Amino acid sequence: MRILLTNDDGIHAEGLASLERIARTLSDDVWVVAPEQDQSGYAHSLSISEPLRLRKIGDKHYAVRGTPTDCVIMGVKKILPGMPDLILSGVNSGANIADDVTYSGTVAGAMEGALLGVRSIAVSQAYSYAGEDRVVPYETTEALAPALLKKLVAMPLPDGVLLNVNFPNCAPDEIEGTVVTSQGKLVHSLWVDERRDGRGLPYYWLRFGREPVEGKKGTDLHAMRNRLVSVTPLQLDLTAHEIRDQLTKALA
């Protein structure tokens, strides 16, 4: 099995090294094509107004000055000797659940794989803070992902479907199980934080402001809060099929 790895945290991210160790429990034919720099929050964007720069950093290891989507396209269309059998995107530093799925470059890497007709799985690990330092228990993903991925790879998937896997913020022996979930809903907004540079001119940072949400049972949010590994099937078809008839009547 030929496996292509990518992420949105960048080629030197600890989570990508963790993902490679996981992938090597499934196959020896593992390729890494990841962004040169952090591309978190770039979602499913393409670099179409500037050239892509490719740098080989080791055997089957490449860095692309572009987005996760660019990396998957470069891997499949340019770098690999043939189509991959599996694309893994991650391990992301932080969960990609609920509304965050729409912003996530990690999920977008798997999304592009699904568009190209390759079985694709996004993998993310929730974290906490110790003071100002982010503490990401990648050991949880490494301990549990190999067996889970073997099961997920063995089952058939419809065209246009990808899997979004999230591991909760706890030690491996504290995991309560694995559940199939739906995408939850966060109560949050993006805030515009205005600051001033050394000359007194304004500049702006986007930052998240969120309110606590319990999350309905059966959602990825509920799973994370209850120490359950979340597996969410996502689809590329964004059509709201349930209102098509209503729209047809309204336009008649």
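**Entry 1. Ground rules**

I take helices (H or I, at least four residues) and strands (E, at least two) as DSSP runs, numbered from the N terminus. I am working on a predicted model, where local features need pLDDT of at least 70 and side-chain atom pairs count only at pLDDT 80 or more, while totals for chains, interfaces and linings use all residues. Residues are numbered from 1 along each chain as its sequence is written, and side-chain values use heavy atoms, with hydrogens and water left out.

I looked up the UniProt record, an unreviewed entry. UniProt positions are in the numbering used here, feature names are shortened, and annotations may be inferred rather than shown by experiment. Over residues 3-185, I find 27% helix and 28% strand. The end C-alpha atoms of that stretch are 32 Å apart.

**Entry 2. The listed binding site**

Which residues does UniProt list for "binding site"? The unreviewed entry gives D8, D9, S40 and N92. They are spread over 85 residues of sequence, yet they cluster in space, with a largest C-alpha distance of 9.2 Å.

I started with D9. It sits in the loop between β1 (2-6) and α1 (14-23). Is D9 buried or exposed? D9 counts as buried because its relative accessibility is 18%; buried means under 20% relative accessible area, exposed over 50%, and partly exposed in between (1.4 Å probe, protein chains only). Next I listed contacts, meaning heavy atoms within 4.5 Å. Not counting residues up to four places away in sequence, D9 touches D38, S40, V91, N92 and S93. The side chains of D9 and S40 also make a polar contact at 3.2 Å. A polar contact is a pair of N or O atoms within 3.5 Å; within protein, one must be able to donate a hydrogen and the other to accept it, and residues adjacent in sequence count only if both atoms are side-chain atoms.

Then I turned to N92. It belongs to strand β5 (residues 86-93). At 6% relative accessibility, N92 is buried. Neighbours within four places in sequence aside, N92 contacts D8, D9, T106, V123, S124, Q125 and Y138.

S93 is buried, at 15% relative accessible area. What does the side chain of S93 pair with? It makes a 2.8 Å polar contact with the side chain of R134. Beyond four places in sequence, S93 touches D9, Q125, Y127, R134, V136 and Y138.

I checked the backbone here too. The peptide bond between G90 and V91 is cis, with omega about -15 degrees. V91 lies in β5. Most residues other than glycine have a negative phi, and most peptide bonds are trans.

**Entry 3. Positive phi**

I found K60 with a positive phi of about 60 degrees, although it is not a glycine. K60 is in the loop between β3 and β4. At 22% relative accessibility, K60 is partly exposed. R227, also not a glycine, has a positive phi of about 55 degrees. R227 lies in the loop between α5 (220-225) and β13. R227 is partly exposed, at 38%.

How many residues of α2 (residues 68-79) are buried? Nine of its 12 are, and the helix is mostly covered. The buried ones include D70, C71 and M74. The buried residues of α2 pack against β1, β2 (29-35), β3 (54-58), β4 (61-64), β5 and α3 (105-115).

α3 is mostly covered as well, with nine of its 11 residues buried. Among the buried residues are T106, V107 and E112. They pack against β1, α2, β5, β6 (119-125), β9 (161-167) and β13 (228-235). S104 caps the N-terminal end of α3, with a side-chain oxygen 3.1 Å from the backbone nitrogen of T106. After α3 comes G117, with a positive phi near 85 degrees.

**Entry 4. α1 against α4**

Two packed helices are described by the angle between their axes and the distance between the axes. I read about 35 degrees and 9 Å for α1 and α4 (residues 138-154). Axes are lines fitted to C-alpha atoms, for helices over the stretch in contact, and angles run from 0 to 180 degrees between N-to-C directions.

From α1, E14, G15, S18, R21 and I22 meet Y138, T141, E142, A145, P146 and L149 of α4. These contact residues divide into five nonpolar, three polar and three charged. Ala, Val, Leu, Ile, Met, Phe, Trp, Tyr, Cys and Pro count as nonpolar, Asp, Glu, Lys and Arg as charged, and the others, Gly among them, as polar.
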